[in-house]
Structure formats: C-alpha cells, structure tokens
Amino acid sequence: MLQEFKNHIANHLSFLPENRVLIACSGGLDSVVLTELCHLHKFEFGIAHCNFGLRGNESDEDEEFVKSLAERVKALFLKTRFDTEKYAKDHQLSIQMAARELRYNWFRELALEFQYDYVLTAHHTDDNLETFLINLSRGTGLEGLTGILEVNEIFVRPLLPFSREEILNFANERQLQWREDSSNKSTKYLRNKLRHDVITELKAINPQFLNNFKTTLDYLKQSNEFIKSQLFHLKKELFQSSEIDVTRIPINRLREYGNPRTCLYFLLKDYGFKAWDDIEQIVTSQSGKQVFSETHRLVKDRDYLLLSPIAEEISDRNYQIPEEENMIMIPPGTLKFREVSEMDQTDFKTIFVDKEKLKYPLSVRKWKEGDYFYPMGMKGKKKLSKFFKDEKLSLLAKERVWLLCSEKEIIWIINYRADNRYKITPQTKQILKITIT
C-alpha cells in the first residue's frame with residue numbers, strides 16, 4: 001500500500017507534497033494510517049483532533065492517544081472540545097450532523113489561522129460505498145451517486161482509492177496502534193447498519209463487490225462529467241439575460257430538446273428547486289404562474305420562463321428627498337438632481353422637469369394598484385397597470401418599478417416614462433435635470 005499511495009499522490013494529488021496540510025485525526029484506524037503514510041512521505045503536516053464529549057472517558061482517552069501520536073511524528077497537535085449535544089439541540093440537528101458541522105467549521109478556521117493549504121481526511125472506498133447506498137436510499141440524483149469528492153475546496157481525501165481491508169493490512173504490517181470507537185458498533189445509525197448488515201452481506205455474496213463498485217463509480221463520474229459539459233452548452237443556448245438579475249428561458253427553444261422536464265431539471269437543480277411536477281406544468285400554464293425554491297423563483301411570462309433570485313421585501317419603503325438634497329441612493333440606483341440652464345438629450349435614465357411645479361419633499365416609492373400618470377407626449381391619463389401591459393413588462397419587471405413622486409402625483413416612472421404635467425414649457429424658469437445611474 002505504501003507504494004500505491006505514493007503512486008496515487010504522484011498521479012492524482014501531486015500538489016499535496018508541496019503544501020502545508022492539516023490531518024483530521026480521530027485516533028481511529030483510518031486516520032492513524034493516513035498520518036503514518038504522510039509521515040513516511042515527509043509531508044509538512046499538523047494534526048487536528050475533535051473531542052465531541054459523547055463517550056465520557058473514552059473520548060478523553062482518544063484525545064490523549066492522538067496527542068501521543070502527534071508527539072511521535074513530531075507534528076503540531078491542535079485540539080478542541082465541543083458540547084455536541086447542546087449544539088445539536090440548539091440547531092435542530094442529529095448528533096452526527098452536528099458533529100460534522102462542528103468539525104468542518106473548525107478545520108476551516110484552523111486552516112486560515114495556521115495557514116494550512118489543505119485539510120486531509122481519511123475517507124476510503126468503504127466509506128464511499130456507504131455514502132452511495134445512503135444517497136441511493138434517499139432517492140438522490142446522479143451527482144449523489146458519484147461518491148465522495150476526492151478534492152472539495154480545501155478538503156482532500158487521499159485514501160479514497162483504498163479499501164478498509166487494505167488499510168487494516170497496512171496497519172498490522174506496520175504494527176500501528178489505534179483506538180476503536182465503541183459507537184461504531186451500534187446499528188442505530190444508518191451508516192453503521194449499512195456497514196455491518198448490508199455491505200458485509202454484499203461482500204459475502206460477491207467477493208469482487210467492492211472492486212466492481214469502484215468500476216461503476218468511475219463510469220458514473222464519467223457520465224456526470226459528460227452531462228456537465230453538455231449542460232454548459234445547453235445554458236449558453238437557452239439562458240438569456242434580460243432585466244437585472246433575471247434570466248429568460250425561451251419555451252419554444254426548450255421544447256426543441258424533446259424532454260422539457262429533463263432539461264429543466266438539469267438547468268434548475270442548482271437553484272434549489274424540487275417541485276418538478278409544478279415546474280413541468282409551468283411550461284404550458286398561463287402567464288403569471290410561479291414556482292419557488294428557497295432562494296429563487298421561476299415565473300411563466302408569455303413565451304418565456306423567468307428565473308430570478310428572491311429579492312428582499314421592500315415594497316413598503318418610502319424614501320423622502322428634501323429640496324436641498326442633490327443625490328440619494330435607492331434600490332434601482334442613485335438619483336441625482338441638478339439645476340441646468342437648458343435641456344439636452346433625454347433617455348430612459350434622464351428627465352428634465354419644471355422645478356417650480358414640484359412640491360417638496362419629493363418621495364420615491366414602489367407602484368401600487370390604482371396608480372395613474374399622464375404619459376409624456378400623450379394627452380390624458382393612463383393607469384400604470386395598462387402602461388405596463390402596453391410595454392409588455394414581465395411580472396418580475398413590474399415588481400421592480402419605482403416611482404418619483406411630488407406629493408400624490410407621479411413625476412417619473414423611473415427608467416421608463418416621465419409625467420407630462422412636469423414637462424418644460426416656454427414659461428419654465430428653473431429646469432431640474434434628474435438622472436438615475
């Protein structure tokens with residue numbers, strides 16, 4: 001195994017010997033072997049140990065064992081103690097999930113504080129199989145069946161190609177000592193039950209089961225990489241930027257791919273969506289239909305699906321602008337006010353108004369149902385809802401409309417149209433230029 005480990009590092013993780021690494025060591029078989037291999041290959045490493053306080057004296061004895069191991073290999077020993085049960089209760093987590101969250105957060109802090117480039121954990125092929133079966137039982141997608149990542153941010157798992165049997169044989173050959181975690185024998189946890197009852201039986205039925213699993217995992221990873229490359233091109237084809245933070249997906253183009261549900265799954269799964277039946281139905285539903293994830297929403301708008309982040313609710317905000325104020329920051333941008341001697345070119349970000357017609361303080365607010373204005377260049381008034389319909393504004397675009405007002409009258413639908421009542425006339429004495437940037 002020593003030579004195989006060396007070859008694996010050279011072929012797949014050649015960056016490790018050149019960097020400072022931190023080994024997560026529980027004192028169990030796997031992490032002790034990982035420490036020994038790194039020591040034999042003269043890695044520059046420290047050792048980090050978490051005492052979760054779940055097994056009384058046994059937990060304290062694990063800590064002392066790892067401390068002695070660090071002294072033997074002349075490595076910096078870093079330790080911490082967690083009140084895992086309290087953390088689990090406070091955060092409504094299982095003990096296992098709480099312990100995982102606590103230790104990974106701590107490892108990140110140590111890496112930053114002590115300038116370690118990578119954190120090594122001792123996950124191996126059997127762990128990968130257990131994770132595969134857990135994800136399979138939970139109905140995961142393809143990515144959940146590709147196993148544990150060998151490199152994930154700063155975390156590296158150099159033992160992933162090796163089985164528990166190979167690790168045990170190496171430890172016995174080197175006459176290494178390690179600690180046995182008594183909780184690993186309990187089958188009340190799903191992972192332990194799979195390890196002791198299911199995987200043991202699978203290996204008994206087929207002695208080549210673990211090797212066959214590794215082969216299957218390689219095929220699944222290759223398939224997943226191929227799908228990712230195709231997804232990259234699919235997004236380039238279908239994702240169109242329109243308004244700020246809004247991505248448009250043309251429905252007709254989506255249908256050209258033959259299976260809209262599958263396409264939408266791969267396009268949207270990274271945005272937290274899970275209601276795939278609703279998402280499939282939105283393609284043929286009326287405009288205005290919406291589907292939400294925790295972070296995003298998908299809206300049907302005529303011939304498009306609109307994808308956008310869920311914005312903070314700010315509909316009730318009202319910004320007051322006194323006469324002496326010449327600049328104010330609002331959600332759509334920065335409003336600037338400047339008196340000028342004459343008009344120059346206008347556009348949707350610039351208007352000119354007769355200042356003497358304004359009543360201060362001005363205000364900026366979101367539009368609401370029933371609002372109306374007198375569109376510049378037109379006779380008579382028009383409801384904003386009708387104006388938006390004529391302009392073919394999407395539901396998301398309408399929600400992001402802000403108004404500049406003088407008392408109850410609208411001066412400007414910001415970024416769209418000014419009000420005719422405040423236009424410059426031959427009688428105007430003070431011209432106010434208003435811009436949004």
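These are my notebook entries on what I looked up in this structure.

**Ground rules.** The model is predicted, so I kept in mind that local features need pLDDT of at least 70 and side-chain atom pairs count only at pLDDT 80 or more, while totals for chains, interfaces and linings use all residues. Residues are numbered from 1 along each chain as its sequence is written, and side-chain values use heavy atoms, with hydrogens and water left out.

**Entry 1, helix H1.** I started with H1, residues 2-12. Helices here are DSSP runs of H or I with at least four residues, strands are runs of E with at least two, and both are numbered from the N terminus. Which residues of H1 are buried? I found Phe5, His8 and Ile9. Buried means under 20% relative accessible area, exposed means over 50%, and partly exposed is in between (1.4 Å probe, protein chains only). These three cover an arc of only 95° around the axis, which puts them on the same side of H1. That arc is taken from the directions from the helix axis to the C-beta atoms. An α-helix has 3.6 residues a turn, so residues three or four places apart point the same way. The face turned away from the buried side carries exposed Ala10 and Asn11. Helix H2 (29-40) is part of what covers the buried residues of H1.

Next I checked H5, which has 19 residues (95-113) and reaches 27 Å from first C-alpha to last, close to the 27 Å expected at 1.5 Å a residue. The expected span is 1.5 Å times one less than the number of residues. Its buried residues include Leu102, Trp106, Phe107 and Leu110. Among the elements covering them I noted strand E1 (20-24), strand E2 (44-51) and helix H4 (84-90). After H5 comes Gln115, with a positive phi near 60°.

I traced an open sheet of six strands in the order E3-E2-E1-E4-E6-E5, with mixed pairing. Two strands pair if DSSP finds at least two bridges between them. E3 and strand E5 (151-152) stand at the edges with a single partner strand each, so one side of each has no neighbour in the sheet. E1 and E4 run parallel, joined by three bridges. Val21 has Tyr118 in E4 as its bridge partner.

A nonpolar core is a set of buried Ala, Val, Leu, Ile, Met, Phe, Trp, Tyr and Cys residues joined through side-chain atoms within 4.5 Å. The largest one has 33 residues, and Leu16, Val33 and Phe45 are among those with the most contacts inside it. H2 gives the largest share, six residues. Leaving aside neighbours within four places in sequence, Val33 is in contact (heavy atoms within 4.5 Å) with Met1, Ile167, Phe170, Ala171 and Leu176. Another core of 21 residues lies apart from it and includes Trp402 and Ile414.

For Cys25 the nearest cysteine sulfur is that of Cys50, 10 Å away. Cys25 counts as buried, at 2% relative accessibility. For Cys38 the nearest is the sulfur of Cys25, 11 Å away. Cys38 is buried too, at 0%.

Last, I looked at Ser308 in strand E11 (304-309). Is Ser308 buried or exposed? Ser308 is buried, with a relative accessible area of 1%. Not counting residues up to four places away in sequence, Ser308 touches Asp245, Val246, His296, Arg297, Leu396 and Arg400.

Key. A disulfide is a pair of cysteine sulfur atoms within 2.5 Å.
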